[in-house]
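These notebook entries record what I looked up in one protein structure.

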Amino acid sequence: MVPPTSPMNLADLHHLGRRLTATATSAMKDASDLGPTELLVLECLYTAGPQPVGAIAQRTGFAQSRVSTVVAALNERGLVELGADPADRRRTVAKIAEHARAQAREARSRDAEPTLRQLLPGLPDAEVDTVIAALKTLNSALGEASPDASSGTDLQPNGRPGEGPRG
């Protein structure tokens, strides 16, 4: 384990994100008959309302092809309804089915703290409390930004978001 005083590099940050994602995915699998991607798509529709597939992909960070497949499967199961976008009749919009709202609400309200505590069995409770508080603060500070908006993929040649090279 890296001592807490060493700086976290970008590779460490990436690995941390992947480990947290894997932990959340595993916990979601254990808690529902739906897969984690299905739950996250339903949760997106529950919180953001009816959305075209592209918007769901942007909000969840999943590939559009994956979201299309999941939306089709959820539609077949009667958990999602599909219809034409009133603003552009060529585009399809997905909407959570009324009876699926309770399932999405339950998935959204599931507490992550027990999962995080299982992930950190070697730390004293006070340190785990500090880590959980820090994660809550980080999540709040990042807000509801889409993964693309905070991924750093829009970096310019100088390594700064949204700025061109300095002259």
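**Entry 1: Overall build**

I began with the contacts in the protein chain between residues at least 6 apart in sequence, and found that 43% of them join residues at least 24 apart. I note at the outset that this is a predicted model. I then looked up the secondary structure: the protein chain has 7 helices and 3 strands. Read from the N terminus on, the elements follow the order α-α-β-α-α-β-β-α-α-α.

I next looked up burial and surface. The protein chain has 167 residues, of which 22% count as buried. Its accessible surface comes to about 11400 Å², and carbon and sulfur atoms account for 54% of that surface.

**Entry 2: The nonpolar core**

I asked which residues have the most contacts inside the largest nonpolar core. This core has 22 residues, and those with the most contacts inside it are V41, L42, L45, I56, V71, L74 and V80. I then listed the elements that give two or more residues to this core: helix 2 (36–48), helix 3 (53–60), helix 4 (64–76), strand 3 (88–96) and helix 5 (101–109). Helix 2 gives the most, with 5 residues.

I followed V41 in particular. Leaving aside residues up to four places away in sequence, V41 touches I56, V70, V71 and L74.

**Entry 3: A glutamate in helix 2**

I looked up E43, which is found in helix 2. Is E43 buried or exposed? E43 counts as buried because its relative accessibility is 16%, and the cut-off for buried is under 20%. With residues up to four places away in sequence not counted, E43 touches A104 and R108.

**Entry 4: Helix 3 and its buried face**

I asked which residues of helix 3 are buried, and found V53, I56, A57 and T60. Seen down the axis of helix 3, these buried residues fall within an arc of 100°, so they line one face of the helix. I then looked up what covers them: the cover includes helix 2, strand 1 (51–52), helix 4 and strand 3. Just after helix 3, I recorded that G61 takes a positive phi of about 85°.

**Entry 5: Helix 1 and the surface**

I turned to nonpolar residues on the surface. M8, L10, L13 and L16 form a nonpolar patch there, with about 420 Å² of accessible area together. Of these, I checked L10, which lies in helix 1 (residues 10–31). L10 counts as exposed because its relative accessibility is 71%, the cut-off for exposed being over 50%.

I also looked up T25, which has its place in helix 1. T25 has a relative accessible area of 26% and is therefore partly exposed. How many residues apart in sequence are T25 and P36? They are 11 residues apart in sequence, and their C-alpha atoms are 5.8 Å apart in space.

**Entry 6: Salt bridges**

I counted the salt bridges, and the count comes to 8. I examined several pairs in turn.

The side chains of D88 and R90 meet in a salt bridge, at 3.0 Å from N to O. D88 is partly exposed, with a relative accessible area of 22%, whereas R90 counts as exposed at 76% relative accessibility.

R110 forms a salt bridge with E106, and the closest N and O atoms are 3.2 Å apart. R110 is partly exposed, with a relative accessible area of 32%. E106 also counts as partly exposed, at 46% relative accessibility.

R117 forms a salt bridge with D129, and here the closest N and O atoms are 2.3 Å apart. This pair links distant parts of the chain: R117 is in helix 6 (residues 113–119) and D129 is in helix 7 (residues 125–142), 12 residues apart. R117 counts as partly exposed at 27% relative accessibility, and D129 is partly exposed with a relative accessible area of 39%.

Lastly, I asked which residues are linked in a network of salt bridges. I recorded D33, E38 and R77 as linked in this way.

How values were computed
Residues are numbered from 1 along each chain as its sequence is written. This is a predicted model: local features need pLDDT of at least 70, side-chain atom pairs count only at pLDDT 80 or more; totals for chains, interfaces and linings use all residues. Side-chain values use heavy atoms; hydrogens and water are left out. A nonpolar core is a set of buried Ala, Val, Leu, Ile, Met, Phe, Trp, Tyr and Cys residues joined through side-chain atoms within 4.5 Å. Buried means under 20% relative accessible area, exposed over 50%, partly exposed in between (1.4 Å probe, protein chains only). Helices (H or I, at least four residues) and strands (E, at least two) are DSSP runs, numbered from the N terminus. Contact means heavy atoms within 4.5 Å. Patches are made of residues with over 30% relative accessible area and no salt bridge: like charges are joined within 9 Å, nonpolar side chains (Val, Leu, Ile, Met, Phe, Trp, Tyr) within 5 Å. Accessible areas come from the Shrake-Rupley method with a 1.4 Å probe; for residues, only the protein chains shown count as cover. A salt bridge is a side-chain nitrogen of Lys or Arg within 4 Å of a carboxyl oxygen of Asp or Glu. The arc is that of the directions from the helix axis to the C-beta atoms.
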